2 protein chains.
Amino acid sequence: MAGKEFDIVVVGAGILGMSSAYHLQKNNPKKRILVLDRFSGAGQGNTGRSNAMFRNTFTSTDNQTLSDTTISFYLHLQVNQNQDLGLEQIGYLWLMSDRQLAANERHVEGMVRNKIEIREYGRGELERLVPGLRADFGESDEEAKILKLDRVAGSIFGVKCGRLDPDRLIVFYRDRFIGMGGTVAFNTDAVKLMIEAHESLDIEGEPFVWQEARVNGVEVRGALEGEIRADAVVMAAGAWNNELLEPRGMDGHVKAKKRQLFSIPARNDPSLVNLLYTKGFNELGLLPMVILPKAGVHFKPVRIADEFWVACEDEVNRPFINVPDHDLDAYTAEASFYDRNVHPVLKGYFPQFRNARPKRMWAGLYSYNTLDYLPFVVPRDGLILVGGDSGSGIMKGDALGRIVDSAYREGEESEAMLYGEVPYRVSKLGFENRDVEREEWVI
Amino acid sequence: MAGKEFDIVVVGAGILGMSSAYHLQKNNPKKRILVLDRFSGAGQGNTGRSNAMFRNTFTSTDNQTLSDTTISFYLHLQVNQNQDLGLEQIGYLWLMSDRQLAANERHVEGMVRNKIEIREYGRGELERLVPGLRADFGESDEEAKILKLDRVAGSIFGVKCGRLDPDRLIVFYRDRFIGMGGTVAFNTDAVKLMIEAHESLDIEGEPFVWQEARVNGVEVRGALEGEIRADAVVMAAGAWNNELLEPRGMDGHVKAKKRQLFSIPARNDPSLVNLLYTKGFNELGLLPMVILPKAGVHFKPVRIADEFWVACEDEVNRPFINVPDHDLDAYTAEASFYDRNVHPVLKGYFPQFRNARPKRMWAGLYSYNTLDYLPFVVPRDGLILVGGDSGSGIMKGDALGRIVDSAYREGEESEAMLYGEVPYRVSKLGFENRDVEREEWVI
């Protein structure tokens with residue numbers, strides 16, 4: 001297959017790559033499209049390692065649109081198309097301090113204006129609904145003082161939010177893509193972007209600065225070896241985009257940091273089981289995803305395994321891993337990180353986690369756009385860059401795939417049609433005419 | 001000296017570091033300020049390797065303000081203060097194709113509106129004024145066809161533009177800084193940003209995610225060794241900022257590429273001497289800086305050496321060098337680059353360069369903000385980042401030093417006072433509330 005030509009090569013079979021491939025093949029049925037990935041299957045990189053949550057509660061209206069239409073599509077698949085994505089609308093419960101509530105007042109107004117379905121809970125209600133929640137701290141609580149835990153003043157609850165099974169989602173896109181005639185090549189590593197001069201003179205050192213040049217394929221190693229030529233290369237490899245872009249002097253505008261997830265078993269602890277099956281927030285009788293007022297510590301219930309998955313934000317002081325190696329320290333979680341960073345905050349607000357130790361832990365790369373935390377889609381010189389999703393690959397994946405397709409077919413000034421007949425101008429997510437507000441609700 | 005405390009440490013004694021140190025010391029006379037640099041003197045990094053040109057002809061009004069006030073300050077120093085900066089107002093002559101003239105019409109109107117002094121020349125005038133200029137190409141000119149050289153349709157001439165001597169400029173800032181009591185430490189390498197928790201508990205692994213943390217100094221090696229504590233660290237090390245910022249997971253928003261300069265002797269070639277001393281553009285009777293319509297190829301006259309310095313833009317296909325090594329391939333120019341990339345375009349428009357070969361050549365790092373090509377000044381967590389000047393360190397250096405000082409004294413929401421009593425809000429150059437238009441005139 002290597003040495004062959006394709007119309008489009010998609011680098012990366014994570015959620016962004018597979019969603020892009022699906023929408024591209026659907027709308028360009030005659031085009032020969034190849035998806036390649038260094039792992040042995042789709043979604044084996046950071047998609048499969050993610051928390052796989054979704055929400056439409058963003059402060060940026062663009063993020064609201066991208067996520068809301070994507071979630072609607074997933075709901076449509078599960079409810080109307082009998083595609084079991086393991087989707088559970090458990091909701092997001094953002095516990096906030098006085099200061100946070102005040103700072104977010106205008107954002108909440110914005111969400112209400114944009115018909116993002118939210119509910120607000122006061123402290124008393126939360127104490128009544130959420131078993132074991134410690135919403136306030138006594139004067140003598142030394143630990144809360146050291147941790148500077150603010151009391152919980154209230155909460156914003158996002159209704160159209162929840163979790164899904166990332167494997168099932170990506171298998172849906174993969175199988176549909178293959179069913180329409182698309183080609184996948186796993187265990188295949190893209191090692192170099194090929195660039196050629198528009199009108200090559202076949203001289204060593206091309207392209208020269210006075211030549212127009214464009215990407216015209218990728219060099220690969222592994223199950224496939226050699227040069228694969230293509231009219232368009234979709235770069236959807238997350239943090240790995242940098243590995244191909246940097247040597248060509250193209251800025252992928254993505255930084256990546258290690259993020260860790262810790263699973264806490266609930267089964268043998270009645271107080272944790274009780275918390276897991278908190279009633280009153282959703283029809284499933286499950287605790288929502290809970291975000292604490294400190295350091296972005298958050299946890300979600302995993303019903304099928306009777307466990308919680310816990311994590312936190314991790315900003316300054318964690319190094320960037322911009323061009324990750326294959327054998328990756330970034331994929332190894334650290335028990336000491338849980339002990340020192342996550343657990344103190346977790347048990348501060350929920351004392352039933354006092355003796356909770358992780359049963360399993362893993363890590364992945366959180367790749368993000370450090371300027372505004374919104375994704376980008378940029379068609380340029382034979383490339384279409386998609387990324388910078390900032391942990392939102394799954395929850396914005398369908399919209400981004402449609403935008404990539406629109407960028408391919410009609411260019412940066414076109415309007416993509418998102419699920420539910422919502423038009424969206426491609427150039428809003430570009431670099432040159434970028435038109436988005438910085439996202440303020442980042443975890 | 002290491003182990004001591006300073007109020008401010010400035011990392012990098014290039015133009016941005018020295019200008020910042022000067023304005024900081026001037027406005028904070030009691031503060032103990034240290035400038036450190038890995039090289040043996042000020043301006044020995046990329047400042048000293050630059051083309052040392054200045055212009056106020058930018059499309060972004062912010063760039064206009066930053067450069068125009070900076071140039072005015074330098075002119076004030078040289079004319080009123082008897083500081084010989086080697087400043088020569090030779091002007092910038094942008095030769096443009098029909099397409100370029102049309103595309104820049106609105107930018108030229110913007111400059112006129114903002115009182116940037118420009119003159120326009122038509123093709124006939126240029127042919128009369130500029131010796132040897134080939135402004136048009138015959139149907140049978142195969143070389144022009146291969147190179148896709150557009151004919152010169154006209155020109156925009158920037159009056160308040162020219163060259164200066166970067167060593168003299170930086171010596172001015174350095175000597176004044178030392179004269180006011182400032183300290184410099186050369187041959188001293190900043191190897192690590194020190195970060196501490198606000199209220200440290202002296203536990204291994206701090207700062208934890210639940211602690212507030214800030215930069216509180218730098219670890220150094222070389223002439224000084226050890227930890228230098230400071231209330232504020234100004235990062236002004238150009239591409240080397242990344243070396244300290246990346247391990248801390250802070251985005252310096254700078255990418256760097258190798259750029260090369262080639263000096264062409266004119267002395268023994270009457271046609272080149274004739275071009276060097278082109279009359280009619282400035283009071284010095286010198287050719288202005290000339291920018292050709294292709295690939296940003298440009299050259300300037302260096303009167304004192306009877307030579308031209310030639311260079312070009314170099315975008316896609318040149319790798320980023322984001323965290324440069326000390327022994328630096330990026331500092332070695334390539335004769336073949338001149339031969340294949342620069343020379344063909346140069347001799348296409350100016351045939352008198354037909355046999356011109358570089359006598360000397362060198363390279364440096366062009367560090368730039370790939371999003372909008374404007375500089376930034378960002379106070380954050382004990383740091384003040386300054387950079388992203390995109391090749392404009394010298395021509396915006398004074399303004400940026402004043403903005404760094406204002407950021408230090410009064411924070412991101414303050415207004416700096418640029419030379420000539422021009423107020424400028426610090427946050428315009430920040431990340432969160434960045435308020436600048438993307439620069440279109442980049443070379």
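**Exercise 1. Decide whether Cys161(B) is buried or exposed.**

Solution. Start with the value: Cys161(B) has 0% relative accessibility, so it counts as buried. Here buried means under 20% relative accessible area, exposed over 50%, and partly exposed in between, with a 1.4 Å probe and protein chains only. Next, take Cys312(B): at 3% relative accessibility, Cys312(B) is buried as well.

Before going on, note that this is a predicted model, where local features need pLDDT of at least 70, side-chain atom pairs count only at pLDDT 80 or more, and totals for chains, interfaces and linings use all residues. Residues are numbered from 1 along each chain as its sequence is written, chains are lettered from A and ligands numbered from 1 in the order written, and side-chain values use heavy atoms, leaving out hydrogens and water.

**Exercise 2. Find how many disulfides there are over all chains.**

Solution. First the rule: a disulfide is a pair of cysteine sulfur atoms within 2.5 Å.

**Exercise 3. Work out how chain B can be laid on chain A.**

Solution. Superpose the copies by least squares on the C-alpha atoms of residues with pLDDT of at least 70 in both.
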